[in-house]
Amino acid sequence: MRLFFFRLLFILALVSFQISFFDILFPWMTVPIAIFVALIVWSLLIPFPQVFMRVIPTTMLLDIISSGTPGIFSLYAICLVYATSFLSRRLSIEQSTIGITLSLALSASALVGFRIFSFLFSGKEYFTIDFFLSFLFSKDVLFSMLLCIPTFLVVSSIITRFERYMTLLSTREFSRIK
C-alpha cells in the first residue's frame with residue numbers, strides 16, 4: 001500500500017511541476033514537456049504492461065486539471081508509450097550516449113507528433129499546407145524542442161532514481177512477507 005501512495009505522490013508532484021513551473025514560466029507553450037519526457041523515460045525503463053499504471057493516471061490527471069475532461073492528450077500518450085516501447089525493443093535503447101541521444105530525439109519528435117495529432121483532431125475545416133507548416137513549425141514548437149534537452153536530462157535522472165528506490169522498497173516488502 002505504501003508503494004501505491006509513493007507512486008501517487010510522485011505523479012501528483014510531476015503534474016503539479018508541469019502546471020506550476022512550465023505553464024507559469026512559458027505560458028505560450030501548448031505542449032506539456034515534463035509529462036512527455038516522463039512518459040518516454042517510463043516506457044524505456046519499465047516493461048510495457050506496467051507503464052500503463054503510470055501513464056493513465058498521469059495523463060488523466062493533467063487532462064482533468066487543464067481542460068476539465070480526459071481527451072486528446074491521454075489518447076496521444078497511450079499511442080506514444082506504445083510506439084516508444086515498440087521502438088525501444090527493436091532498437092535496444094541502452095543508457096549509453098547513443099541511447100540518450102535516441103531518447104532525446106524521440107522526446108523532441110513526440111512534441112512535434114503531439115502538434116500534428118492535436119491539429120488533426122482540432123476540427124479545422126480548412127487544410128492548407130501553408131497553415132499546417134506555420135502551425136507545425138512555430139516558435140512554440142522550436143522552443144519546446146530546445147527546452148526538451150535539459151528537461152529530459154533532469155526528469156530522466158529523477159525518474160530513474162525514483163524507480164530504483166521503488167524497486168528497492170518492493171524487494172524489502174517482499175522479503176518481509178517470506
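Colleague: How do H2 and H3 run, roughly parallel or roughly antiparallel to each other?

Modeller: Roughly antiparallel, a label for angles over 145 degrees. Note that this is a predicted model, where local features need pLDDT of at least 70, side-chain atom pairs count only at pLDDT 80 or more, and totals for chains, interfaces and linings use all residues. Residues are numbered from 1 along each chain as its sequence is written, and side-chain values use heavy atoms, without hydrogens and water.

Colleague: What is the angle between H2 and H3?

Modeller: About 170°, with the axes of H2 (residues 33–45) and H3 (residues 48–66) 10 Å apart. Axes are lines fitted to C-alpha atoms over the stretch in contact, and angles run from 0 to 180 degrees between N-to-C directions. Helices are DSSP runs (H or I, at least four residues).

Colleague: Which residues meet there?

Modeller: From H2, Ile35, Leu39, Trp42 and Ser43; from H3, Val51, Arg54, Val55, Thr58, Thr59 and Leu62. Contact means heavy atoms within 4.5 Å.

Colleague: Other topic. How many aromatic pairs are there?

Modeller: The search of the whole structure gives 17, counting rings of Phe, Tyr and Trp (its six-membered ring) with centres within 6.5 Å. Phe17 and Phe21 are stacked, at 5.1 Å between centres and 10° between planes; stacked means planes under 30 degrees apart.

Colleague: Why is about one helical turn between Phe17 and Phe21?

Modeller: Because they are four residues apart in helix H1 (residues 2–25).

Colleague: Which cluster do ring pairs form?

Modeller: Phe17, Phe21, Phe22, Phe26 and Phe143 are linked into one.

Definitions and conventions: Helix = DSSP H or I, 4+ residues; strand = E, 2+ residues; numbered from the N terminus. Parallel < 35°, antiparallel > 145°, perpendicular 65-115°, else oblique. Phe/Tyr/Trp six-rings, centres within 6.5 Å; stacked < 30°, edge-to-face > 60°.
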